[in-house]
Amino acid sequence: MKYFAGIDIGSTAIKISIADENKNLVGHKISASGSMFYQYAHETLDALISEIGIKKEDIIYTVATGYGRKIFKEADENISEITANAIGARASAKGHGEIKTIINIGGQDSKAISLDDEGNVTNFAMNDRCAAGTGKFLDACAMNLEIRVEDLGEKHFASTGTPLSINSTCAVFAESEIIGLLGNSHNVEDIVCGVHYSIAKRIVKLVKRVGVKEGIYFDGGPALNGGLVNAIENELSKKIFIPQYPQITTSYGAAIIGIDSYNYENN
Ligand code: ADP
């Protein structure tokens, strides 16, 4: 069996997916990007290979994507994360209907991508200028509230009041606003809910720039946060599909692109 690796070096996390020649996902691994992208990407790949129980030589084609993709010089190909995200989303949502709109929230940016009936990217909008509406903002909020980012979803659903409004459009001021709310005896659950709705409102504006088309797919690490998913669904008034492994969609897409490139070059 031949194997194909997709390596997504993101601002916050390195995601690696390995697919077999039939485009099945056979394994994946996520690690923090840290300060040494190149070394950590190789360590993550080696660890994944040994977990799956294959040899390095079994991986016959590697595609790198993401913010730090150019650092992974051994890759056979380099691809933009928007293309890889689109291909990965369609494959991850197989059997769940057509995907027409992708919302991706990463560590340092957020994107809305519009696809046509064939899955081609027709338009996209990106926020990479402001931390509000990104994973980093969620990380900072969790830190201020002394909870783990993994627990934000649970806190959101434990909120019983009207979500608090976080009005600052800048992440730094929003953090000060959160500290102010704590000082005014608001509980953590209601603040978390307010944070999610403030991000959701920004995301809805971004999606509206490309057009809201049914078949909405949400990925990136923050899609693991059920509270944020709930807030975006309510703000959009639409159901959103969340794949089984939302953080690895783009690396899986890169692995699939590798299969197509390899087959094209060898047939
Ligand atoms: P990038 O591709 O830019 O590195 P990711 O898509 O990997 O970004 O997303 C990273 C963000 O995902 C983190 O900043 C964090 O806020 C969020 N995140 C990661 N794991 C979880 C989790 N288990 N629950 C909720 N949020 C998470």
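Trainee: In what order do the five strands of the open sheet stand?

Mentor: This is a predicted model, in which local features need pLDDT of at least 70 and side-chain atom pairs count only at pLDDT 80 or more, while totals for chains, interfaces and linings use all residues. Residues are numbered from 1 along each chain as its sequence is written, and side-chain values use heavy atoms, with hydrogens and water left out. Strands here are DSSP runs of E with at least two residues, numbered from the N terminus, and two of them pair if DSSP finds at least two bridges between them. On that basis the pairing in the open sheet is mixed, and the order of its five strands is 3-2-1-4-5.

Trainee: Over how many bridges do strand 1 and strand 4 pair?

Mentor: Within this pair, Ala5 stands opposite Thr62 in strand 4. Strand 1, residues 3-9, runs in the parallel sense to strand 4, residues 59-65, and the number of bridges is six.

Trainee: What share of the ligand's accessible area does the protein cover?

Mentor: Among the polar contacts (pairs of N or O atoms within 3.5 Å), a polar backbone atom of Thr12 lies 2.7 Å from an oxygen atom of the ligand. By the Shrake-Rupley method with a 1.4 Å probe, the ligand on its own has 580 Å² of accessible area, of which the protein covers 86%.

Conventions:
Helices (H or I, at least four residues) and strands (E, at least two) are DSSP runs, numbered from the N terminus. A polar contact is a pair of N or O atoms within 3.5 Å; within protein, one must be able to donate a hydrogen and the other to accept it, and residues adjacent in sequence count only if both atoms are side-chain atoms.
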